[in-house]
Amino acid sequence: MDLGIKGLRVLVTAGASGIGREIVRAFVEEGARVHVSDIDRAALEALAAETPAITATAADMSDRAAVARLFDEALATLGGLDCLVNNVGIAGPTGRVDQIDPADWDRTLAVNITGQFNCTRLAVPHLAKSGNASIINLSSSAGRLGFPLRTPYAASKWAVIGFTKSLSIELGPLGIRVNAIQPGIVEGDRIRRVFAAKAEQRGVTAEALQEQSLAQASIREMIQPRQLADQILLLASPRGRTISGQAISICGDLQSLA
């Protein structure tokens, strides 16, 4: 299926590994022009080596000066912007709320929600010039469900939904559609680290916690990163031109988070 996004000018944050890397690869396969940012320079260099069609800038999305430099480089390379994928996010700490270091709380929100704000505010004037403008924000199933022992992460991901819904109304008159993706239990290193940390807190094995978590979904299997990328491509394409203000769950019908 031709999605009509050949030549689409796309900026993907935290795009050097995991979900972000799949998003980048999917856009490149469809002929989009992609600029990628990531805080991990080594991962970014590895991605650039294996995907020479991309351009890249190492940057911390919580650092406004670094984000400004990212946009200068991205816009100089792409010549404009049609799509911003706010994929940036960290897992944050695991623990009961009274055991969490306030610095860890601050860092989680600084990256997961303020990082999206830092990019969006600079992207809007350029997206407004596009004939097919979109912003896709990565939230989580933790942005619609309670997530015990993970309050900083959950709070930040609920915030992403409020940010998305408000932006869709605010930016619709400029022709910019805004949506959020709420992944469930996604296969990868991050979820394995989360399971390990929570299992230690609860005195069980990571394998037992994973089994318990998947049991909360109707479709009891891990979500593959490419499933998220495929949905994002649709939202960024002309086929998604009337989809805005939505929080789209890709989670196997997850009912609760263990």
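The structure holds one cavity of 30 Å³ or more. A cavity is a set of points on a 1 Å grid over the protein atoms alone, where a 1.4 Å probe fits but cannot get out. The model is predicted: local features need pLDDT of at least 70, side-chain atom pairs count only at pLDDT 80 or more, and totals for chains, interfaces and linings use all residues. Residues are numbered from 1 along each chain as its sequence is written, and side-chain values use heavy atoms, with hydrogens and water left out.

**Cavity**

- About 30 Å³ of space lies in the largest cavity. A volume is the space filled by probe spheres set on the points, and grid points are joined across faces, edges and corners.
- Its lining consists of Gly184, Ile185, Leu214, Ala217, Glu221, Cys251 and Leu254. Lining residues have an atom within 4 Å of a point.
- Five of these lining residues are nonpolar, one is polar and one is charged. Ala, Val, Leu, Ile, Met, Phe, Trp, Tyr, Cys and Pro count as nonpolar, Asp, Glu, Lys and Arg as charged, and the others, Gly among them, as polar.

**Largest pocket**

- The largest pocket holds about 1100 Å³ of space. A pocket is an open set of points with protein on both sides within 12 Å along at least five of seven lines.
- It is lined by 47 residues; Ile19, Gly89, Ile90, Arg190 and Arg193 lie nearest its centre.
- Helix H1 (18–29), helix H4 (102–127), helix H5 (151–171) and H6 each give two or more residues to this lining. Helices (H or I, at least four residues) and strands (E, at least two) are DSSP runs, numbered from the N terminus.
- H6 gives the most, with eight residues.
- The pocket lining divides into 23 nonpolar, 11 polar and 13 charged residues.

**Sheet**

- Seven strands form an open sheet with parallel pairing, in the order E3-E2-E1-E4-E5-E6-E7. Two strands pair if DSSP finds at least two bridges between them.
- Strand E3 (55–58) and strand E7 (247–250) are the edge strands, and each pairs on one side only.
- Neighbouring strands are turned by 15° against each other on average, direction ignored.
- Strand E2 (residues 33–38) pairs with E3 in the parallel sense over four bridges. Aspartate 38 stands opposite alanine 58 in E3.
- Helix H8 (residues 225–236) packs on the sheet. H8 touches strand E4 (83–86), strand E5 (133–138), strand E6 (176–183) and E7, and its direction makes about 165° with that of E6.

**Helices H6 and H7**

- Helix H6 (residues 189–202) and helix H7 (residues 206–214) pack at about 105°, with axes 8 Å apart. Axes are lines fitted to C-alpha atoms, for helices over the stretch in contact, and angles run from 0 to 180 degrees between N-to-C directions.
- H6 is therefore roughly perpendicular to H7, a label for angles of 65 to 115 degrees.
- H6 brings Phe195, Ala196, Lys198, Ala199 and Arg202 to the contact, and H7 brings Ala206, Leu209, Gln210, Gln212 and Ser213. Contact means heavy atoms within 4.5 Å.

**Alanine 91**

- Alanine 91 lies in the loop between E4 and H4.
- Leaving aside neighbours within four places in sequence, alanine 91 is in contact with Arg150, Tyr153, Arg190 and Val194.

Definitions and conventions. Angles under 35 degrees count as roughly parallel, over 145 as roughly antiparallel, 65 to 115 as roughly perpendicular and the rest as oblique.
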